[in-house]
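I want to go through the ligand surroundings and then one of the helices.

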Amino acid sequence: MYDVVIVGSGPAGYVAAIRASQLGLKTACIEKSFDINGKPLLGGTCLNVGCIPSKALLDSSYKYAEALNHFSDHGIEVNKPKLDLSKMMNRKNNIITQLTSGVSGLFEANKVTSILGEAKILDSTQVEVSFEGKAEVINTKHVIIASGSSPIDIPTAPIDQENIVDSTGALVFDSVPKKLAIIGAGVIGLELGSVWARLGSKVTILEAMDEFLPMADKRIARDVLRELKKQGLDINLGCKVTAARSSAKGVKVLFEDDKESHELEVDKLIVAVGRKPNTANLLGENCGITLDERGFIPVNNLCETLVKNIWAVGDVVRGPMLAHKASEEGIMVVERITGKHAEIKYDLVPFVIYTHPEVAWVGKNEEELSEAGIDFKTGSFPFAANGRALAAGETTGFVKVIADKETDTVLGVHAFGPSAADIIQQGVVAMESGVSAEGLGLTIFSHPTVSEALHEAALAVNRQAIHIRNKKNKIIKN
Ligand code: FAD
Ligand code: AMP
């Protein structure tokens, strides 16, 4: 009998398993994918086909594009760099192996039992595990469902993983497509589009919505669109793909805007229209959980399902599909199982888009605050006025701090620019302690760092920024 059985070994499941063992719970983690040695393949989407491989390719392709286009800005003349795509892919694969085997090592060190097979939840005390036609039932006091998500497949563009691929297929192309189309200008579409555009593809992105990055700060969304177009991403808004046909020559993509229908011939098509929860065949008839209309497992803020002692965390439940949100939910649940008081401040989950420059934010944006009837003030600071950004030749973008008009409490931080993800993390830490804009302005930031743009933006909230010439102490109009 286990204290806790966890279904899925992605960032929700494996992190929950390690913490559960640390807390003294007898823990098993069930994973259905396996590696070439027939061992459970740990790490889920994030380590195998998500965050890590995409960032490995983003980093490699960025270095290539820098060598190709920007080394000479620094007075470095090199012969035209030559791309060795298979070496780039091998490097990415080695990073995946290093991390996934690292998780296996952590399981061993923490005495987590790793079980290979597909899990089905029979009830709150029994989980059936099937592998190669054999099934066994495992008994437990608690079940944590962390079965994650998979790419959405749309009938208009059926995935063949050859010419029409999902995000997983787009991480393993064996040559750079000359012409590449992407359906969806969401986070995954933009990141994968950036990788292949930097490596030489002519990239066309087709997005059904008229608005670009609707969840981001409006000005940032506008600037990102302009910058990515400058980098060669042909982003078309208000364009709905109606059909895609794969042939020996490539893919014919049919799409329509508000006026007419269009046809586009490409070598490859990436379908990046979102992800769906992995809940097919997961719940036994008598387990007591009913999925919501989109297939997610309904949970409250504490990740409790309607059935006592069955919990669900990560991409398989509501909220943003992000690895760090998934991991924190996993930790919260096992802490609660052991009687600890733990909860998640969902308002403080940071969002990052790893384009170049990066886009990141935490907390509320201006539209959300206006809708909620909250009075606020803002301060912005451009990287063009930041010494370190200038030194690096990374002057695109700005940081914006939003604070409550009366109390001065920071309500949101938004950034587009160099190391925006890391700058936002400082905003998260600050907001976690309920910091005011004045308090953030009184904090010492190392010089010269791009983080000083956050410092100056916080100062600008109360019109005290130092490196702004504008009389109103407000270099960027909001
Ligand atoms: P998953 O990682 O999907 O893991 C679920 C695991 O459960 C899988 O291993 C699956 O095989 C297993 N499983 C499912 N059903 C069963 C069953 N019945 N029995 C046994 N095992 C089962 N997020 C970020 O925060 N930052 C990023 O930069 C980022 N980049 C991304 C890039 C791409 C291309 C993609 C696709 C995603 C990216 N994400 C990123 C999202 C991130 O990968 C997910 O939010 C995260 O992996 C969710 O973790 P999870 O543990 O809930 O699920
Ligand atoms: P995300 O969910 O952030 O990964 O983004 C997926 C994007 O794909 C959304 O912005 C959708 O509007 C877009 N999308 C979905 N279906 C289509 C389609 N048929 N044609 C063009 N864009 C689409």
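Predicted model: local features only at pLDDT ≥ 70, side-chain atom pairs only at ≥ 80, totals over all residues.

**Ligand 1 shell**

I started with who lines ligand 1, and H2 contributes the most to that shell, with four residues.

Which residues come nearest to ligand 1? I get Glu31, Thr45, Lys55, Asp315 and Ala323, out of 37 residues around the ligand. Sorted by class, the shell holds 16 nonpolar, 15 polar and six charged residues.

Next I went through backbone contacts. A polar backbone atom of Ala12 sits 2.9 Å from an oxygen atom of ligand 1. For Pro11, a polar backbone atom is 3.3 Å from an oxygen atom of the ligand. On the nitrogen side, I find a polar backbone atom of Lys32 at 3.2 Å from a nitrogen atom of ligand 1.

Then burial: ligand 1 exposes 1,000 Å² when taken alone, and the protein buries 94% of that. I also listed the elements that put two or more residues into this shell, and they are S2, H2, H3, strand S4 (118-123) and helix H7 (323-337).

**Ligand 2 shell**

Moved on to ligand 2, which has 13 residues around it. Gly184, Glu207, Ala208, Met209 and Val241 come nearest. I count the classes as eight nonpolar, three polar and two charged residues.

What does the side chain of Glu207 do here? One of its N or O atoms lies 2.6 Å from an oxygen atom of ligand 2.

A nitrogen atom of ligand 2 is 3.0 Å from a polar backbone atom of Ala208. Val241 has a backbone N or O atom 3.0 Å from a nitrogen atom of ligand 2. Alone, ligand 2 exposes 510 Å², of which the protein buries 75%.

**Helix H4**

Last stop was H4, residues 85-109. I checked its length: at 1.5 Å a residue, the 25 residues should span 36 Å, and the end C-alpha atoms are 36 Å apart, so the two agree.

Which residues of H4 are buried? I find Leu85, Met88, Met89, Lys92, Ile96, Thr100, Val103 and Phe107. As for partners, the buried residues of H4 pack against helix H1 (13-22), strand S2 (27-31), helix H2 (44-49), helix H3 (51-69), strand S3 (113-116) and helix H5 (187-198).

After H4 comes Lys111, and its phi is positive, near 60 degrees.

Notes. Residues numbered from 1 in each chain as written. Chains lettered and ligands numbered in written order. Heavy atoms only, no water. Expected span 1.5 Å × (residues − 1). Buried < 20%, exposed > 50% of the residue type's maximum accessible area, 1.4 Å probe, protein only. Contact = heavy atoms within 4.5 Å. Near = heavy atom within 4 Å. Polar contact = N/O pair within 3.5 Å; in protein donor to acceptor, adjacent residues only side chain to side chain. Areas by Shrake-Rupley, 256 points an atom, 1.4 Å probe, with all protein chains shown as cover. Nonpolar A, V, L, I, M, F, W, Y, C, P; charged D, E, K, R; others polar.
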